[in-house]
Amino acid sequence: MAVRRQKKKVVKMKKRPHFFAGTVLIVFAACLLFLFIQSFTKEHVSIYEVTETQIADNEIIRGIVLRDESLVTTKKQGYINYYVGEGAKLGANTVVYSIDETGQFEGDISSVEAKDISLSGEDTREIRNDIANFRDNFDLSLYSNVTNFKYNIDNTLLKMTTVNLLEHLDKVMKKKKVASPLELVKAKKPGIISFCSDGLEELSIDSISAKDFEDMNDNWTQLRSTGSTKAGDAIYKIVNSEKWSVVLPLTDKQYKKVSDKIAVPVIFKKDGLETVADISTFIIDSAYYAKLDFDKYMIRYLDNRYLDIEIEFNNADGLKIPVSSILKKQFYVIPEKFITKGGEDGSNGVMLLTYKKDGTKETTFKAANIYYRTEKGKVYIDAALFEPGSVIVQGIKNGVQSMKLSSTADLEGVYNCNRGFCEFRHIEKLYSNGEYAIVSKDTAFGLSTYDHIILNPDMINEDDIIY
């Protein structure tokens, strides 16, 4: 017999609205979304690790060479033969050239068999420098560079071949039975000879102008003639002194960098020579210039009117920090004799004069770190620790000496956060270029390599904890 199943009665529970819980969840989700968006839009405190480096503020400027030089002309017409080479130092009685009015000696002199000539190490270097300089500055649009290169090589070879002619001149003279029309011409004054001219021999610091810097390319004319010369022709150039100058056009910023300097390190880009030049600045028609003075190396650049010079405006070796991390803090300046030890940890501080409620005086120890020490025995303590007009005291044998805190000074520094909170550290800037600064690594109470500092100190306060 089948068992009848009893039907169970299902009672539906009445659902209660959960408006409060839903509201809380919505608000919570909105807060999370807000914080998430804020994390992308809000600026955060950034930390920078201090490194040791060197910054050199160098710029390459093309300048014009000024020398004490003049052209020498011949008084006669005739054929010229030289007995000195480019860059030779002339004495007052040095035979520079001979002039043959008729030309009858021309063939005899050129046919004289000279001694065997071999290139010295210096000769080889000079030729290689000429070739390298031509190669580095070659430009198809400047044919004058090719001509100048040819002149440089010709003048270098002249030093190696014609210096022997004078030794053989007697042989030529003995061959001629007639009275000799050959005249030997000596140097009128000591100096250094050159066979190139660009028409700027008379240029001086008093006559220089902005026009002289418009076309800054060497444009030499060879003075050494291969044919007959006329009376009055320039046949060589003499430089009267080994002191010379290079005048550089400057921008406003460059002028400000060197206007207070008396000497600067320089590098000649032609051959990499490094030296130090005396420097002076001047202004002509609202244009800025610098004059570099040298007392040697003139012969080295005898065939250059224009030179590219790299100037070291600033050079600093120290700790590199971003300029944005630097801030100023105010301090009281007091004699170091007022600093004493106190507190449970024996820290530095001062004895502060205070008054009880009944008006009696008492002294209390106030911890105060030293941030800077001067050579005159004074120290800097944080001005924020004291109320204006505070008085500190020092115990001495004959009584108590006191002083009112009034003398203040600002120090540049950064917030150091090595210990998890902000601590002001004094810095001494050696150089700044607007983005980074180089500060001394030997500053007392200052920074060290690998310290961590706050990149944006305007977002935080001293003693704030870094999370």
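User: Which residue of β19 is the bridge partner of methionine 351?

Analyst: In this predicted model, methionine 351 has phenylalanine 365 of β19 as its bridge partner.

User: What makes β18 and β19 a pair of strands?

Analyst: Pairing requires at least two bridges between two strands. Strand β18 (residues 347-355) and strand β19 (residues 361-367) are joined by seven bridges, so the pair meets the criterion. The two strands run antiparallel. They form a hairpin with five residues between them, and in the turn glycine 359 has a positive phi of about 95°.

User: How do you know that β5 pairs with β6?

Analyst: Five bridges join strand β5 (residues 95-100) to β6, and at least two are needed, so the two strands count as paired. They run antiparallel.

User: Why do β6 and β10 stand at the edges of their sheet?

Analyst: The sheet is open and has four strands, in the order β6-β5-β3-β10, with antiparallel pairing. β6 (182-186) and β10 (228-229) each have a single partner strand, so one side of each is left without a neighbour in the sheet.

User: What share of the chain counts as buried, and what does that mean?

Analyst: Of the 467 residues, 37% count as buried, which means that their relative accessible area is under 20%.

User: How many helices and strands does the chain have?

Analyst: There are six helices and 28 strands.

Conventions: Residues are numbered from 1 along each chain as its sequence is written. This is a predicted model: local features need pLDDT of at least 70, side-chain atom pairs count only at pLDDT 80 or more; totals for chains, interfaces and linings use all residues. Side-chain values use heavy atoms; hydrogens and water are left out. Buried means under 20% relative accessible area, exposed over 50%, partly exposed in between (1.4 Å probe, protein chains only).
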